[in-house]
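Me: I have a structure open and would like to go through it with you. Could we begin with how some of the helices pack, and then move on to other topics?

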Amino acid sequence: MDECQSAIPTVDGELHVVAAAHHIVKALGTTKNLSDDLRKILINLDAHLSTMTSNIDSKGGKGFFGVEEQLKRVERKIMIWEAEQMMIWDSGPKDTSDYLEAVDEVQTLIDGLQSLSVYENRKRKELLRRASSLLQMAMSRLEDELIHMLAKHRQQFEPSKYVSCRSTRWNVVYNESFDSLEDEPAKETSSRNCTSNESSEYIVDLVPAHVIPDIKSIAKVMFTSDYGQEFCEAFIGERKEALEQYFAVLKMGKLSIGDVLQMEWTSLSSEMNKWTRSMKIMFRVYLASEKRLCDQILGEFGSCNLFCFLEISKATLLCLLNFGEAVAMGPHQPEKLLRLLDMYETLSDLVPDIDALFSEEAGSFVRTEFHGLLERLADSVKASFNTFRVSVSSNKSVYPFPGGGVHPLSKYVMNYIRMFPEYCNTLNLLLEDRHSDAANLVTELQCGRNASLSTSCPMACHLRSITSSLESNLHKKSKLYKDEALQHIFLMNNIHYMVQKVKDSELRHFFGDEWMRKHNAKFQQHEMNYERSTWSSVISLLKDDNPGSSSLSKSTFKERCKAFGIAFEEVYKTQTSWCIPNPQLREDLQISTSLKVVHAYRTFLGRNPAHDEKCVKHTVEDVEKSLLDLFEGSPRSLRNSPRRVKP
Amino acid sequence: MNANEYQGSFLGRISIRRNQVVVMDAIHEQELEDIELFQKHVSDRFSELSSPSDDDAILSISWLRKLLDVFLCCEAEFEAILLMDRDPYQLSKPPFDRLIPELLDRAVKALDICNAVTNGVESVRHCQKLAEIAISALDQKPIGDGEVKRAKRALITLMAAINLDDKDGTNAKSTERSWSFGRRSGNKDRVAGQFRSLSWQVAKNWSAAKQIQSTIYNLVAPRGAEASGLPSPIYTMNVIMIFVMWALVAAIPCQERTGLPTHFPVPKQLNWAHSLIGLQEKIADEWKKKEKKGMAGLLDEMQRMEKSAQSLIDFTDSFQFPGDAEKLQEAAGHVAELTEICRIMEQGLTPLQMHIREVFHRIVRSRTEFLDVLEKGSLPVI
């Protein structure tokens with residue numbers, strides 16, 4: 001290299017001096033009033049300088065000799081790899097640095113030769129041509145090396161390592177329709193507190209750190225030699241492919257909008273889940289890391305890093321965007337609500353990341369699209385929420401629900417809204433404008449433990465309005481029972497269920513004590529109404545008509561006993577098939593019924609001890625025991641059972 | 001009920017009916033006027049498109065943008081006619097209970113086409129970048145072997161990208177990418193490293209050609225009484241949407257275009273359709289000519305780029321330093337042409353992409369509005 005630097009300036013210097021002198025002489029020669037002598041001297045000088053120039057020129061040919069030698073040497077270094085199957089960067093640091101040095105040398109030669117362009121010279125041109133050709137060969141080689149290197153060192157990742165906890169939320173799919181939901185589908189208490197840990201970014205090495213300097217060295221020579229465009233295109237092509245490979249690992253199927261709109265809910269739900277997960281991994285892990293990679297490698301070369309990053313990520317981004325759009329434009333089924341909320345929250349969490357990753361003008365397209373998608377998801381959440389509310393109040397039954405137990409609608413609604421507190425902040429935000437009265441109160445609301453505030457936030461109001469729709473629907477459904485007592489059992493069961501669900505979950509903060517008191521009172525009222533409508537007539541048979549007389553006449557006693565027996569058997573037969581699924585509630589009712597009935601019966605029998613025991617079909621113990629069979633949901637009969645006689 | 005009462009109420013009923021009829025007639029007349037105006041606008045807009053100025057040849061970037069504008073304008077007008085002050089119940093009755101869902105179904109298909117084409121613009125941009133490399137190599141003076149080789153490498157990749165197979169985004173003619181791993185088969189003209197295989201956006205077996213076919217399927221012009229009423233603008237809008245999507249698919253590389261229909265029937269006697277039919281025929285002819293060769297599409301700039309690139313490849317093939325002056329000059333002409341095309345692409349591709357996205361969002365929004373109306377219309381009238 002020293003050789004080269006010394007060879008060029010000698011020739012260069014001489015040529016410059018002569019050329020400058022020649023120039024001056026010519027300029028002087030154009031001066032008008034010169035004496036003939038002086039003019040003669042100048043003409044001579046001009047001729048002399050001309051010969052000197054041609055002398056130097058031929059000497060210059062020899063002067064370029066050193067350059068040519070050097071070029072030949074570098075040519076050998078570069079050409080040797082042209083025949084070589086092995087990649088340079090695979091064969092060791094010595095070869096690599098030799099090669100890079102050779103390329104540098106070619107570049108320096110070209111620079112030197114180009115700076116001589118003031119003076120035309122055939123030799124110089126020829127050398128320059130050879131050097132450029134050599135440089136092109138080297139550049140094309142470097143491009144191949146780059147692609148090989150990027151492909152070879154493409155890192156693989158197990159995405160679950162990065163975003164795991166929240167994606168496991170709600171493994172139970174709410175695909176059930178209103179009529180088929182089993183109780184307690186969602187034992188999973190969510191792991192949403194994990195989300196806070198997620199906010200830290202997981203930047204990973206998409207290309208191993210030790211390879212970065214190699215790639216950078218290629219970038220540097222390619223950019224210096226003005227082959228930056230080639231570098232960028234090769235880099236983009238390779239990284240784009242890598243990104244698509246990562247995307248494929250996330251198993252988000254590529255779906256057309258038509259596909260998404262026609263999808264069954266179960267599959268759609270799982271795709272929505274995958275989207276949420278993919279979005280997080282894409283932006284927090286892959287794209288953040290990709291951006292860093294672009295910056296590391298291309299940061300020094302103007303805005304190439306931004307351009308490349310955008311080009312690399314665009315296709316994948318469009319894929320994610322379009323799935324979101326397809327979901328947002330789909331029908332607003334109530335079962336979609338939770339998943340939609342997940343999508344909304346995820347995107348809303350990611351918006352700052354997206355804005356930061358694509359902060360430049362060129363990325364404005366990406367930013368605008370995702371902001372737009374967020375709005376559309378919000379609309380979709382609101383619409384689905386509304387459909388949910390409408391379907392709660394409009395769910396119709398033709399037949400009474402057998403046994404008067406907890407209606408599937410109650411289960412569905414209560415288990416469903418139990419998840420809402422998790423989305424409190426989001427729901428408050430999205431439901432706010434529909435609820436302008438409360439909006440002012442709760443703008444700064446934190447969904448904390450503050451009872452008075454949490455019960456008045458928009459979400460709380462909406463939740464209560466949903467449960468009250470549910471209640472009025474249940475009242476409608478209760479009218480389908482002909483038996484008034486069963487109507488009460490049904491309402492008692494269902495309201496009790498609602499109260500339990502509220503009490504046992506975060507919902508209690510949003511429904512508040514007053515609601516609880518009111519609804520406790522409601523189901524207790526139904527309990528009492530049940531007792532009255534079933535038992536008051538039965539018990540009245542045991543009442544003393546003439547409080548004055550001590551006992552009934554034999555015939556009256558017999559008659560009363562018989563009537564009681566029949567009535568009791570009838571109640572037994574019907575109400576054993578009724579159902580109170582909650583054991584505590586069932587026991588309570590059995591006890592309180594027992595207290596009244598058994599007490600009345602015992603008193604009745606006790607007041608008439610003298611009469612024939614044959615009349616007494618059921619002993620007090622029988623009655624007490626039989627009462628425990630009620631509300632078990634399995635119809636039984638006392639009539640055919642052998643008469644139980646007191647031992 | 002005595003006769004008098006009966007008569008009174010009967011007459012009353014008649015007069016009410018008469019008033020209703022008058023009102024209905026007025027509405028109807030207004031509607032017919034609106035429809036006529038809409039169709040006149042459609043006709044005007046398309047006749048403008050079919051006689052483009054030199055700056056925007058048919059299927060050039062700027063022409064496509066005009067086409068998209070036409071779509072947006074027509075769509076806005078159409079929506080106004082159908083939805084403004086409309087009793088939702090009317091649209092839930094036959095024949096609208098069939099026509100509107102069909103329109104919305106086509107709209108969904110159009111959305112997927114928009115996405116495929118948006119992605120296709122990316123591959124046009126890739127071609128632009130490759131052409132720019134060739135330009136920067138050949139812009140040097142004097143041109144030496146190095147520059148020629150550099151340009152050739154870029155141009156060959158460019159041609160490979162242009163000839164990309166629609167089907168899976170890989171090039172059937174090229175040696176694929178195997179060389180980049182095993183490398184160095186000694187082939188001097190190997191495809192440059194930046195050759196990019198495109199993975200398509202839309203679902204795996206999705207085909208733009210089939211999508212277009214299915215939008216054309218069972219598109220029937222309204223006949224008889226329907227021909228003068230609301231069904232007619234619905235038909236018009238259908239045709240416009242299909243035409244726009246079809247033209248985009250024909251122009252811009254996109255997933256699987258083999259078997260793209262070259263014709264969809266639009267009755268010639270419909271006067272609003274004249275220019276549209278003319279354009280359709282022109283584009284279809286071009287498509288037929290080109291289809292067999294396999295190509296990037298009919299986008300005017302791409303076709304010009306392909307021509308110049310091919311000429312420059314020929315130039316690089318025969319180049320021997322210092323090069324024939326005449327050939328050098330010719331090459332300089334092609335370089336200038338490529339430069340101009342790249343300039344147009346640089347200015348036009350991103351806006352085109354955004355414009356397609358705008359159409360996408362418009363279709364989504366309009367679909368939502370129609371669905372809302374249909375939903376209202378299907379609610380029981382109390």
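Me: Are helix 18 of chain A and helix 19 of chain A roughly parallel or roughly antiparallel to each other?
Reply: They are roughly antiparallel. Please note that this is a predicted model. The axes of the two helices cross at roughly 160° and come within 9 Å. An angle over 145 degrees counts as roughly antiparallel.

Me: What is the handedness of the crossing of helix 18 of chain A and helix 19 of chain A?
Reply: The crossing of these two helices is right-handed.

Me: Which residues make that contact?
Reply: Helix 18 of chain A contributes A:Thr467, A:Leu470, A:Glu471, A:Leu474, A:His475, A:Lys477 and A:Ser478. From helix 19 of chain A come A:Gln487, A:Phe490, A:Leu491, A:Asn494 and A:Met498. By class, the contact of helix 18 with helix 19 of chain A has 5 nonpolar, 5 polar and 2 charged residues.

Me: How is helix 14 of chain A placed relative to helix 19 of chain A?
Reply: Helix 14 of chain A packs against helix 19 of chain A at an angle of about 15°, and their axes are 10 Å apart. That angle makes helix 14 of chain A roughly parallel to helix 19 of chain A. Helix 14 passes helix 19 of chain A in a right-handed crossing.

Me: And which residues meet there?
Reply: On helix 14 of chain A they are A:Ser410, A:Lys411, A:Met414 and A:Asn415. On helix 19 of chain A they are A:Asn494, A:Tyr497, A:Met498, A:Lys501 and A:Val502. This contact of helix 14 with helix 19 of chain A has 4 nonpolar, 3 polar and 2 charged residues.

Me: Where does B:Ile100 sit in chain B?
Reply: B:Ile100 lies in helix 4 of chain B, residues 96-138. B:Ile100 has a relative accessible area of 0% and is therefore buried.

Me: What does B:Ile100 touch?
Reply: Not counting residues up to four places away in sequence, B:Ile100 touches B:Leu82, B:Leu91, B:Ile234, B:Phe370 and B:Leu374. B:Ile100 and B:Arg367 are 267 residues apart in sequence, with a C-alpha to C-alpha separation of 9.8 Å.

Me: Last topic: how many residues of chain A are in contact with chain B?
Reply: There are 49 residues of chain A in contact with 49 residues of chain B. The area buried between chain A and chain B is about 4400 Å², and carbon and sulfur atoms give 48% of that area.

Me: Which residues in chain A lose the most area to chain B?
Reply: They are A:Arg129, A:Glu233 and A:Met329, which together give 15% of what that side buries.

Technical notes:
Residues numbered from 1 in each chain as written. Chains lettered and ligands numbered in written order. Predicted model: local features only at pLDDT ≥ 70, side-chain atom pairs only at ≥ 80, totals over all residues. Heavy atoms only, no water. Helix = DSSP H or I, 4+ residues; strand = E, 2+ residues; numbered from the N terminus. Buried < 20%, exposed > 50% of the residue type's maximum accessible area, 1.4 Å probe, protein only. Contact = heavy atoms within 4.5 Å. Axes fitted to C-alpha atoms, helices over the stretch in contact; angles between N-to-C directions. Parallel < 35°, antiparallel > 145°, perpendicular 65-115°, else oblique. Left-handed = near helix turned anticlockwise from the far one by under 90°. Nonpolar A, V, L, I, M, F, W, Y, C, P; charged D, E, K, R; others polar. Buried area = accessible area lost by both parts, 1.4 Å probe.
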